[in-house]
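Good morning, and thank you for coming. I would like to take the group through one structure, strand by strand and then core by core.

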Amino acid sequence: MKTSISKKLTMLCLCALFCAACFGQQQEKLYFMHQREGSQKQLQQYLAQLLSKGGVKSDTLDNIYVNFIPPMGCPRCEGVVAIYNKVLLKNEPTAFLVNVLIYRKEKALGQYISKQNFTGSLLVADTSDLFAQIFHVNNEEAIVPYITKISLKQGRLITAASSLGATLDNDFISLMVNKNDFDKTTDIMYEERGEQPLNIALHLDKWQEIVDKKFILMPYDSCSIIAADTLPFVETFAVSRDGANLLVNNFLTSSFVLYSKQSHLWVAPTALLPSQAEDTMFIGKSVTPYVYQYLKSNNVLVSMYLKAAFMQKNIYLTASLPKADMVWKEDSTASVAYFNMPVLILKNGSGNNIATYQLDMEELENDGFAYSHSNGSFFADDSIFVYTVQKGWPAAGTEALPQNDSQNPFISDFYNEAPTLCFYSLKNKTITKTAPLDAVYKKYKLGYYVSAPAVKKIENTYYMTDKRLGKIYSLSKDFASSTRLADLFGMDTVMHQMPYSEDLPYMDSYQKFFNREIIDFEVSNKSECKALVLADKHYYLYQTKKNKLDCTPLPDTLNGMKISGVQFGRDSRNSLIVYGLYQNSQNIVVYSFKL
């Protein structure tokens, strides 16, 4: 029996991610949004400014529907927003619906907007930081889209819900349309975070001697990206071993751009984008062309390149491709079962595909673990793909509290089997789980909330680090055991027990200790470690030698551009160097630093 999708495709099920949205019960969700107390006037002015961009006078409106969207913060959540918009306007044709894109580099949004399908009365970009001043969300800023209803005349939030957690059914729309009383405000006020200097001695007093050099590492060379003003702010980059090529991410299109070096310019950009074949690779035959087109046009089926890195002369990318199948019920209604399929893609230096590998994670998922292939690394010589694993709340799920003991980091048994890394062999499809959570996470009952493991192969040895703890290890040949080489941050002596409660605010109270992160590291044949560290928005080079630590800062800004990323590299003599990426709204430059 054929049915109309507008009538029978009644619910979009995003597997393992989406659950029912509860208006007025935001305290029961991980992703919440509240208006800050006393911000009514500020909210009125904020919305008036946004509406004026579209030539709309705010005094002609009262209750309006506003979607606050951080572009590509949660790509598949945006599909929920797109469908919600259409359903809302079908049920409430006179609704004034505004889509607000929260992003500072407005010029870079053009390509993103052209591919989106946000229907409504107005689409505007917010390049200010006013959202965070007016609304309190569970992060410092919005990382998922929020669906809201606001009274312009009163400057009050009527209702809000995260699209990560929304089920688009009649109750959802009815509650949105019919609710007119105001949500409670929060007395948690906005505090702009200041940049405080890193107190090295405080955190490294276990070392016998601390050498704090007073000079700054300075660059000896630079190379600029052409037409940088059309790119979004670069979040990740990679320079090839020979320094001849550059990869930067374009997170607004879930893609990467490959450049070649010509004198002091990065030129000949090649876009590395998911292909049409990759878009449909895991779409089941039960999904009809009409349904596929509907989901695709509403930004639900999103293919994403998550990470790109050089592999000798080639490139590997980790990707998340959409997997979808129709699920029909006895009453002839249907839903779409939707998954993210992890894939490893190999390309040559020109960006052409060499091979595609589907990563079979069923064994891992059956054991109750989730994987993060966006943080994966591929080692071609061994045909091994390494990715981070985690389990339990709040790493998985959207509820505000753990739902069962197996997912509860506040009980000791949770840590009996708690690996952080998984080595996946492409040769025989075997999985090796290893690198248990550090004891400090069990001591303070933090689960996987802060853990950030990473793996690197140097010469013929695999090394790992917990980037937030500052510990570096060498791994045994079978990956089953590890030997600690350095403890850069001395977190065991720095941390102390915070007021205990079994909830997210308790875990968040420890964030003040984790103000540093290893971005990249190197280990010499004498097991001496070098690390590039981000600490309170500043970058440092750490070097260890015989229980001594040498810490050298990198410039925060160069020529009006702010540093936003670092990595180790090699010069023409094979000497270790540091690459630093600096950018502003107009320019993106990669500087080279000698050690």
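Strand β10, residues 219–225, runs antiparallel to β35 and is joined to it by five bridges. Helices and strands here are DSSP runs numbered from the N terminus, helices being H or I with at least four residues and strands being E with at least two. Two strands are said to pair if DSSP finds at least two bridges between them.

Before I continue, a word on the source: this is a predicted model, in which local features need pLDDT of at least 70 and side-chain atom pairs count only at pLDDT 80 or more, while totals for chains, interfaces and linings use all residues. Residues are numbered from 1 along each chain as its sequence is written, and side-chain values use heavy atoms, with hydrogens and water left out.

With strand β14, residues 265–272, β10 pairs in the parallel sense over two bridges. There, Ile225 has Trp266 in β14 as its bridge partner.

Val589 and Cys223 are 366 residues apart along the chain, yet their C-alpha atoms are separated by 5.6 Å. Val589 counts as buried because its relative accessibility is 5%. Buried means under 20% relative accessible area, exposed means over 50%, and partly exposed lies in between, with a 1.4 Å probe and protein chains only.

Next comes β34. This strand covers residues 576–583, and eight of its eight residues are buried, so β34 is largely enclosed by the rest of the structure. Leu576, Val578, Gly580 and Tyr582 point one way from β34, Ile577, Tyr579, Leu581 and Gln583 point the other way, and all are buried.

β34 pairs in the antiparallel sense with strand β35, residues 588–594, over seven bridges, and the two form a hairpin with four residues between them. β34 also pairs in the antiparallel sense with strand β33, residues 561–570, over eight bridges. Leu581 has a partner in each of these pairings: Val590 in β35, and Gly565, which stands opposite Leu581. The hairpin of β33 and β34 has five residues between the strands, and in it Asn574 takes a positive phi near 70°.

I turn now to an open sheet. Four strands are arranged in the order β24-β25-β26-β27, with antiparallel pairing. At the edges stand β24 (453–458) and β27 (482–487), each with a single partner strand, so one side of each is left without a neighbour in the sheet. On average, neighbouring strands of this sheet are turned by 25° against each other, direction ignored; axes are lines fitted to C-alpha atoms, for helices over the stretch in contact, and angles run from 0 to 180 degrees between N-to-C directions. Strands β25, residues 461–466, and β26, residues 471–475, are joined by four bridges, with Tyr473 in β26 as the bridge partner of Met464.

The loop between β26 and β27 holds Phe479. Is Phe479 buried or exposed? Its relative accessibility is 11%, so Phe479 counts as buried. Leaving aside neighbours within four places in sequence, Phe479 is in contact with Ile384, Phe423, Thr434 and Tyr462.

Now to a helix. In α2, the residues Leu43, Tyr46, Leu47, Leu50 and Leu51 are buried. Viewed down the axis of α2, its buried residues fall within an arc of 130°, so they line one face of the helix; the arc is that of the directions from the helix axis to the C-beta atoms. Just after α2, Gly55 takes a positive phi of about 75°.

Finally, the cores. A nonpolar core is a set of buried Ala, Val, Leu, Ile, Met, Phe, Trp, Tyr and Cys residues joined through side-chain atoms within 4.5 Å. The largest has 59 residues, and those with the most contacts inside it are Tyr387, Leu446, Leu488, Met495, Tyr510, Phe514 and Tyr542. Strand β29, residues 529–535, gives the most to this core, with four residues. Apart from this core lies another, of 39 residues, among them Tyr65, Tyr84, Val287 and Tyr292. In soluble globular proteins, nonpolar side chains tend to be buried together.

Definitions and conventions
Contact = heavy atoms within 4.5 Å.
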